[in-house]
Amino acid sequence: MVEFIRNLIGNDLWATFIMSLVPLIELKGAIVFARGIGYSFFKAMALSFVGSTFVFIPIYFLLRPILNLMKKVKWFNKLALKVEGYFDDKAKETMEKRENGSGNITSETLLKQIGVFIFVAIPLPMTGVWTGTAIAVFLNLKFKDVILPIALGNLVAGLIISLLAQLCLTFWSIETLDYILYALFALAVVLLAVTIFKIMSKKTDQYDKKEE
């Protein structure tokens, strides 16, 4: 997998950066790839972190406008409503978890920020910057309130993956990272399929009413 990506893109630095931008893979796969081609702990972490964190800016500002545009097109209207419903439910789940474990003195904005931070900090496919930013959008967090939880959550996730990659290199061979990369891609494909199924099987009646 590592050699395939290197040959496909032709430049190790750009390959790491581009991988960090890809949904589901993000900095997790980028770090494993970068360590697999011989980048140091800090170089792999820095490149992956910058790319995967930067992508939250266009997601934050473009997600709502794109969905609103899709709702105006007959063929994409229901799909847009289903996607909105999916992320709306995700946002509600995130808030419920935080509210159940907090006291009354915590502000609503801080609760939302903590929820987004924890979600992004979990280093698994579907819990990265892409989905975390979408959740922040549907929690109606302002841009200035999204920056810190996304960046810190991504940093924590990056450190965890970097340490795991270092352990693999210390106790096993570099080929182990190639197997992990295969596993990450396979898991990402499976989770993407499951997510698409969940979105497509959503009923849009409640969201149609909301639009009215």
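Guide: Searching the whole structure turns up nine aromatic pairs (Phe, Tyr or Trp rings, the last by its six-membered ring, with centres within 6.5 Å; planes under 30 degrees apart are stacked, over 60 edge-to-face, the rest tilted). This is a predicted model, in which local features need pLDDT of at least 70 and side-chain atom pairs count only at pLDDT 80 or more, while totals for chains, interfaces and linings use all residues. Residues are numbered from 1 along each chain as its sequence is written, and side-chain values use heavy atoms, leaving out hydrogens and water.

Let's begin with Phe41 and Phe42, an edge-to-face pair with 5.2 Å from centre to centre and 70° between the planes. Phe41 counts as buried because its relative accessibility is 18%, whereas Phe42, at 67%, is exposed (buried is under 20% relative accessible area, exposed over 50%, partly exposed in between, with a 1.4 Å probe and protein chains only). Another pair joins Phe87 and Phe138: the ring centres are 6.1 Å apart and the planes lie at 25°, so this pair is stacked. Phe87 sits in helix H6 (residues 77–100) and Phe138 in helix H8 (residues 129–138), so the pair ties together parts 51 residues apart in sequence (helices are DSSP runs of H or I with at least four residues, numbered from the N terminus). Both Phe87 and Phe138 are buried. Elsewhere, ring pairs connect Phe56, Tyr60, Phe61 and Phe143 into a cluster.

Now back to Phe41, to see what surrounds it. Helix H3 (residues 26–36) packs against helix H4 (residues 41–54) at an angle of about 150°, and their axes are 9 Å apart. H3 and H4 are therefore roughly antiparallel (an angle over 145 degrees). On the H3 side, the contact is made by Leu27, Ala30, Ile31, Ala34 and Arg35; H4 brings Phe41, Ala44, Met45, Ser48, Phe49 and Ser52 (heavy atoms within 4.5 Å).

Leu24, in the loop between helix H2 (12–21) and H3, has a positive phi of about 75° although it is not a glycine. Leu24 counts as buried because its relative accessibility is 12%. Glu26, which lies in H3, has a positive phi too, near 45°, and is likewise a residue other than glycine. With a relative accessible area of 2%, Glu26 is buried.

Terms used
Axes fitted to C-alpha atoms, helices over the stretch in contact; angles between N-to-C directions. Helix = DSSP H or I, 4+ residues; strand = E, 2+ residues; numbered from the N terminus. Parallel < 35°, antiparallel > 145°, perpendicular 65-115°, else oblique.
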